[in-house]
Amino acid sequence: MNALPYVFVFAFTIVIITSTFLRLLYILPAFNVTKPPRRPRGQPTRLLVVLGSGGHTAEMLSILQGLDPTLYTHRSYVISSGDELSALKAIEFESTLDSALSQGKRDSTNIPSTYDISLVPRARNIHQPLITTPLSSLRCLLACFAVLRASGTQRPSGTNTDQGSDRLCTNDIQYAYPELIVANGPATAVLIVVASLLLRIFSVRGTEGKMRTIYVESWARVSTLSLSGQILKAGGMVNRMLVQWETLARNGQGEFRGALVQ
């Protein structure tokens, strides 16, 4: 029996596995520390923010206080299905940004300040059996690819649920993959980061120099990282891991930049 075809298949498999592994090492922020590309002020820029529910959302929006909407001209908020409160909080936050713009902080390029809110299936529901978690996580991951690829309906900053929440922004700017992803805890954050890495591993068009990630550990985490934080840290999947307690930084769990929650 001719063994040559089997040798060929084995060699081809080894080459594919090795190439994928080397590509992964090249993409993972922990193994390839690079500075973000220079971006001229006034260039349309998309920021993607992952909102958890309850305390995670409150912390994230507190961290984003003082955000300059002329630097991040389009904000995408990602929330889990059924989390209407986080959506309302995001709209309320955008109203504060709109107030800042109306007080003379608008950039000279006059790029419209817009945002969108995207829903993804929950990675895991409360009390959901572990045996069904992989399936729900896969559904969430697939939805994350679509969210990363393009922003949803663009709303002019400052719109609310009663007026104009479903109208398109009247500008021709098309936002694709975000320049920056910011997250702070929920399982959805892990899947968003994983989806961004998979897109970059396979060199999907438009991902070069995009989707840098910052993970901010919850203020409630004093001595140990959350499960999401542990996964992202162990996998070397984020560009920066920020912690809000010195004890975590001393243990090598991340960068300490003080309490970021105001």
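Author: What follows goes through the salt bridges and then the aromatic pairs.

The model is predicted, and its side-chain atom pairs count only at pLDDT 80 or more. Side chains of opposite charge can pair when their charged atoms come close. The count here comes to four salt bridges.

One of them joins Glu94 and Arg75, with 2.7 Å from N to O. Glu94 has a relative accessible area of 0% and is buried. Arg75 is buried too, with a relative accessible area of 0%. Both values fall under the 20% cut-off for buried.

Another salt bridge is formed by Lys210 and Glu179, whose closest N and O atoms are 3.4 Å apart. This pair links distant parts of the chain, 31 residues apart. Lys210 is in the loop between helix H5 (187-201) and strand E6 (212-216), while Glu179 is in the loop between strand E4 (155-156) and strand E5 (180-183). Glu179 counts as buried, at 17% relative accessibility.

Arg240 and Glu255 also meet in a salt bridge, at 2.9 Å from N to O. Here strand E7 (residues 240-243), which holds Arg240, is linked to strand E8 (residues 255-256), which holds Glu255; the two residues are 15 residues apart. Arg240 is partly exposed at 35% relative accessibility, and Glu255 is partly exposed with a relative accessible area of 25%. The two residues belong to a network of salt bridges that includes Arg257.

Now the rings. A pair of aromatic rings is described by the distance of the centres and the angle of the planes. Searching the whole structure gives two aromatic pairs. Tyr77 and Tyr115 are edge-to-face, with 6.3 Å centre to centre and 75 degrees between the planes. They link strand E2, where Tyr77 sits, to strand E3 (residues 114-120), where Tyr115 sits, across 38 residues of sequence. Both tyrosines, Tyr77 and Tyr115, are buried.

Trp219 and Trp245 form a tilted pair, 5.5 Å centre to centre with 45 degrees between the planes. Trp219 is in the loop between E6 and helix H6 (227-235), and Trp245 is in the loop between E7 and helix H7 (246-250), 26 residues apart. Trp219 counts as partly exposed at 44% relative accessibility, and Trp245 is partly exposed with a relative accessible area of 30%.

Terms used:
Residues are numbered from 1 along each chain as its sequence is written. This is a predicted model: local features need pLDDT of at least 70, side-chain atom pairs count only at pLDDT 80 or more; totals for chains, interfaces and linings use all residues. Side-chain values use heavy atoms; hydrogens and water are left out. A salt bridge is a side-chain nitrogen of Lys or Arg within 4 Å of a carboxyl oxygen of Asp or Glu. Buried means under 20% relative accessible area, exposed over 50%, partly exposed in between (1.4 Å probe, protein chains only). Helices (H or I, at least four residues) and strands (E, at least two) are DSSP runs, numbered from the N terminus. Rings of Phe, Tyr and Trp (its six-membered ring) pair if their centres lie within 6.5 Å; planes under 30 degrees apart count as stacked, over 60 as edge-to-face and the rest as tilted.
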